[in-house]
Amino acid sequence: MHVEFGNSFKKFYKTGNFWCDLYPTTKLILCFTVAMSTIVMNNWIYGFSVCLFYFIFAFFTGHGKQFTKTFLILFVIIGLFLVVIRQVGMRTGNVTPMFEIFGWIWYRESFITSLDVSSYMLGFAGGILLFFDTTPMRDLMYAFEHMGVSHVTSFIMLSSMQNIIDLRKTSVAILESQKSRGIETDGNILVRSKAFFPTISPLILGAFSSTEEKSIAMDARAFSVKRKHTFLRELKPMSQIEKILCLLFSLALISLTVWKIAAALIK
Amino acid sequence: MAYIELKDVSYRYPYTKEQALKNVTYSFERGKFYGIIGENGGGKTTLCNLIRGLIPHFYLGRLKGEALVDGVDVRDWDTGEISAKIGYVFQNPFTQISGIKETVFEEVAIGLENLGVPKDEMIERVINVCEMLNIEDLVKNNPNELSRGQRQRVAFASIIVMDTDTLVIDEPTSQLDPEGTESVFEIIRSLKESGKTIILVEHKIDLIAEHCEEILVMQGGKIAMSGPTKAILSDFGTLDLGTMIPATAVFGHAMKEAGKPLADIPITLDEAVELVERRGE
Ligand SMILES: Nc1ncnc2c1ncn2[C@@H]1O[C@H](COP(=O)(O)OP(=O)(O)OP(=O)(O)O)[C@@H](O)[C@H]1O
Ligand SMILES: [Mg+2]
């Protein structure tokens with residue numbers, strides 16, 4: 001079984017999902033161009049259509065739940081916040097009243113601008129979020145390393161990610177142990193903050209000392225040997241189709257931008 | 001010529017008053033199996049750090065005297081090159097897991113990736129080492145979720161897979177059960193037989209007696225005693241240095257005191273059996 005597993009690394013790593021198995025750079029370019037296009041368009045109908053597309057697409061990639069969770073929070077915060085702010089802040093150019101709440105008049109013009117702005121903010125954030133949800137950090141680093149980023153940088157990035165996960169785990173463990181020693185960790189802010197400081201000090205100390213030890217341990221794995229690296233787990237390199245796709249999307253974004261600028265100038 | 005040569009070496013860790021190594025002079029020969037024993041805080045790990053060049057490259061502090069590895073002063077060694085030459089299994093298995101790989105198999109392969117070993121060879125070597133250390137069933141597991149003993153074995157595998165000519169091994173069995181310990185010693189012994197130089201810190205004195213050729217006893221930062229295994233471990237004086245001697249040696253001394261001495265002081269069980277049998281005839 002272990003032999004079989006070892007030999008599985010001889011093939012390119014695959015998840016079986018069309019989108020997820022694209023090369024990280026391809027995914028980055030596609031997500032980024034679509035995300036940027038919502039800014040260039042600055043139009044709520046386009047922006048929200050793209051957002052809707054993100055949702056559907058995320059489910060297609062098998063990361064729907066994860067994406068929805070974060071995106072909905074963004075949606076509520078950015079969307080609502082901007083709509084209200086616009087009604088309060090921007091009063092010039094308002095001519096068409098829509099309705100009135102306790103003497104507070106909402107105008108159509110402000111409302112549309114706020115929709116436009118929030119649609120592109122969400123359109124942009126959603127594209128980036130979709131990319132990170134469907135691209136594991138290690139895949140991204142793999143692509144970076146192949147572009148010449150040093151493996152040390154890549155290690156630090158991956159390791160920081162892992163540290164965050166570990167820290168969360170350790171802090172829960174410390175909180176639990178303090179609870180069992182009778183320190184109050186539930187309750188109001190004051191009570192919690194009293195528990196907070198004794199919690200974080202061992203956490204920070206631990207993080208420091210383990211960083212030092214870890215860097216030494218990695219050195220023992222020949223980290224600082226100046227030789228060309230090889231990779232056990234390899235991703236399928238960008239195919240011709242992927243390259244063409246990236247080019248098309250980039251060209252589309254550029255033309256859209258040029259067209260928008262030209263239109264603005266003519267006006 | 002000696003392989004690793006320490007000449008009057010003293011070392012003090014940064015921000016400490018006491019020297020962790022005091023006037024240490026010793027020559028290690030190529031291809032031999034050395035055991036380092038001694039009290040807690042005696043300087044065993046510090047000695048390993050020096051031989052492997054972590055002192056002075058990682059631990060700053062104050063290093064005096066001369067420490068040559070293969071004729072080159074540790075101060076002048078490139079940290080990368082020395083790591084490809086001397087493998088180091090650390091005392092603490094918890095910090096030896098990289099934390100960036102999703103499976104044990106990938107974890108063990110890290111060193112080979114860094115050394116630029118071609119993929120097919122890499123896979124073969126990792127498979128072999130996993131079999132040697134009995135971690136075949138763990139290859140798909142997440143390295144961050146292993147038990148203590150499993151971690152220690154994975155850490156050990158990750159170093160020996162690199163196949164360096166020298167291995168510095170600091171208490172590799174602290175988290176293992178007797179069976180696991182025995183198998184790790186068998187592996188170390190077979191590595192020695194394949195011509196590697198081994199420097200091993202270990203508290204389990206019976207295993208030291210059975211496998212090592214030379215012993216160094218560290219006490220208070222000094223090499224308090226050194227010599228062939230037999231000479232050191234059959235000497236009652238070794239007990240005064242804060243370390244143990246094998247139970248069979250104690251037995252040998254007891255027989256002597258009882259006026260029924262064996263022909264020799266045994267340090268392993270096999271030896272004891274043989275000596276007792278011989279006396280019976
Ligand atoms: N990183 C460090 N910084 C400062 N002092 C240290 C450091 N590591 C060890 N020391 C000190 O150096 C001395 C020798 O420690 P060392 O770890 O070498 O002993 P040891 O023989 O390996 O002990 P043990 O059996 O507990 O592993 C001790 O007094 C210890 O406190
Ligand atoms: Mg030690």
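In chain B of this predicted model, strand β4 (residues 62-69) is joined to β5(B) by two bridges, and the two strands run antiparallel. Strands here are DSSP runs of E with at least two residues, helices are runs of H or I with at least four residues, and both are numbered from the N terminus; two strands pair if DSSP finds at least two bridges between them. V69(B) has V72(B) in β5(B) as its bridge partner.

Residues are numbered from 1 along each chain as its sequence is written, and chains are lettered from A in the order in which they are written. Local features need pLDDT of at least 70, side-chain atom pairs count only at pLDDT 80 or more, totals for chains, interfaces and linings use all residues, and side-chain values use heavy atoms, with hydrogens and water left out.

Turning to the meeting of the two chains, 37 residues from chain A and 48 residues from chain B take part in the contact, meaning heavy atoms within 4.5 Å. Together the chains bury about 3,800 Å², 60% of it on carbon and sulfur atoms; buried area is the accessible area (1.4 Å probe) that two parts lose on being put together, summed over both. On the chain A side, H2(A), R221(A) and L232(A) supply 21% of the area buried against chain B, more than any other three residues.

Seven salt bridges are counted between chain A and chain B, each a side-chain nitrogen of Lys or Arg within 4 Å of a carboxyl oxygen of Asp or Glu. One of them links K119(B) with E234(A), whose closest N and O atoms are 2.7 Å apart. The elements giving two or more residues to the side of chain A that touches chain B are α1 (2-8), α7 (151-180) and α8 (189-220) of chain A. Of these, α8(A) gives the most, with eight residues.

Within chain A, the domain assignment gives domain 1 (14-135) and domain 2 (141-241), with bounds from an automatic or database assignment. Five residues of domain 1 are in contact with seven residues of domain 2. These domains bury about 550 Å² between them, 76% of it on carbon and sulfur atoms. In domain 1, Y23(A), P24(A) and T25(A) lose the most area to domain 2, together 72% of what that side buries. Between the two domains of chain A, the count of salt bridges is zero.
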